[in-house]
Amino acid sequence: MQRGFNYSQDGPGNRLVYHLQGCNLECPWCSNPEGIPRDGCMMQTGEALPQTVCPQNGIKKGRIDPDVCSLCKDYSCIEHSCGQLKWSCCLMDESEILEELDRSRMMFFDGGGLTLTGGEATLQFEEIKSLLAAARRSKIHTALETNATHPRLPELFPVVDWLIMDFKHYDDAVHEDTLGISGAIVKENIRKAAKQSCEMLVRIPLVNGFNASKEDAQAFAEFLRDCNITEVELLKYHEYGREKWRQCGRRYTVKDGFVSDIQYQDILQTFGSYKITCVST
């Protein structure tokens, strides 16, 4: 788990945001690849390291070997790396988080509060259900950012004030081929949330060659219209996370993912023709 404050992008107002470790998708454009492994991962923030830093011979040509790191339970290398190595997460229990939330109340202005994101927060389903309920009982506004793949997601609707769901692709097969899981459950959860009249925001990350054509926009818009969803957030592809892939010892594979201004305007016009407003946070 990592945490920090953020304003408006992770729900309304000023919020305390917890990034929970582990994700069940493998999005090649992920901005937080350190959050994908369920047990965490080693990150190398500096340049070449001497082999002597790792007693398990996990340094190859000055870089960490993620396969060796994943088997290690020692991590003594962090102490000897002069700040060039760090683990991607730390452990916190519910009581610690609730105490931190209580101390942070004065900063929850403009409707702020708690946001759980990832990785994919719903992988720790029972834990976040309990935490969200406890925060609500303490009169703290709750938000959840999710890839919407958990079959029990609707159970969280009563304890989430603001639900943010990623909608990466409308075609179930393409979703599975690229990300590892069928998109059918995502669409089902979006439908259920819309029927529950949840305070919600659907986000579409636009990636050239994956889901950013005019035809893609039409298919997205038709689905959202059928759900009576009239607002969507479009996130244009960026490479802010590319360096972190290298820090995690992983290869960044996306090529030509940027969405041109012309493409983007076509997409906006397409959603507009379906009377769907595109918002920005």
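**Exercises: cavities and cysteines**

The largest cavity here has a volume of about 70 Å³. This is a predicted model, where local features need pLDDT of at least 70 and side-chain atom pairs count only at pLDDT 80 or more, while totals for chains, interfaces and linings use all residues. Residues are numbered from 1 along each chain as its sequence is written, and side-chain values use heavy atoms, leaving out hydrogens and water.

**Exercise 1.** Work out which residues line the largest cavity, and of what classes they are.

*Solution.* Start with the term: a cavity is a set of points on a 1 Å grid over the protein atoms alone where a 1.4 Å probe fits but cannot get out, and lining residues have an atom within 4 Å of a point. The lining is M42, C54, P55, Q56, V68, C69, C72, D74, Y75, S76 and C77. Now sort them: eight are nonpolar, two polar and one charged.

**Exercise 2.** Find how many disulfides the structure has, and explain why C90 is in none.

*Solution.* A disulfide needs a pair of cysteine sulfur atoms within 2.5 Å. Searching the whole structure gives zero. For C90, the closest cysteine sulfur belongs to C89 and sits 7.1 Å away, so it's too far for a bond. C227 has no disulfide either, as its nearest cysteine sulfur, in C198, is 13 Å off.

**Exercise 3.** Decide whether C227 is buried or exposed.

*Solution.* Check the cut-offs: buried means under 20% relative accessible area, exposed over 50%, and partly exposed in between (1.4 Å probe, protein chains only). C227 has 12% relative accessibility, so C227 is buried. C90, at 37%, is partly exposed.

Conventions:
1 Å grid on protein atoms, 1.4 Å probe; cavity = no way out; pocket = protein on both sides within 12 Å on 5 of 7 lines; lining within 4 Å. Points joined across faces, edges and corners; volume = space filled by probe spheres on them. Nonpolar A, V, L, I, M, F, W, Y, C, P; charged D, E, K, R; others polar.
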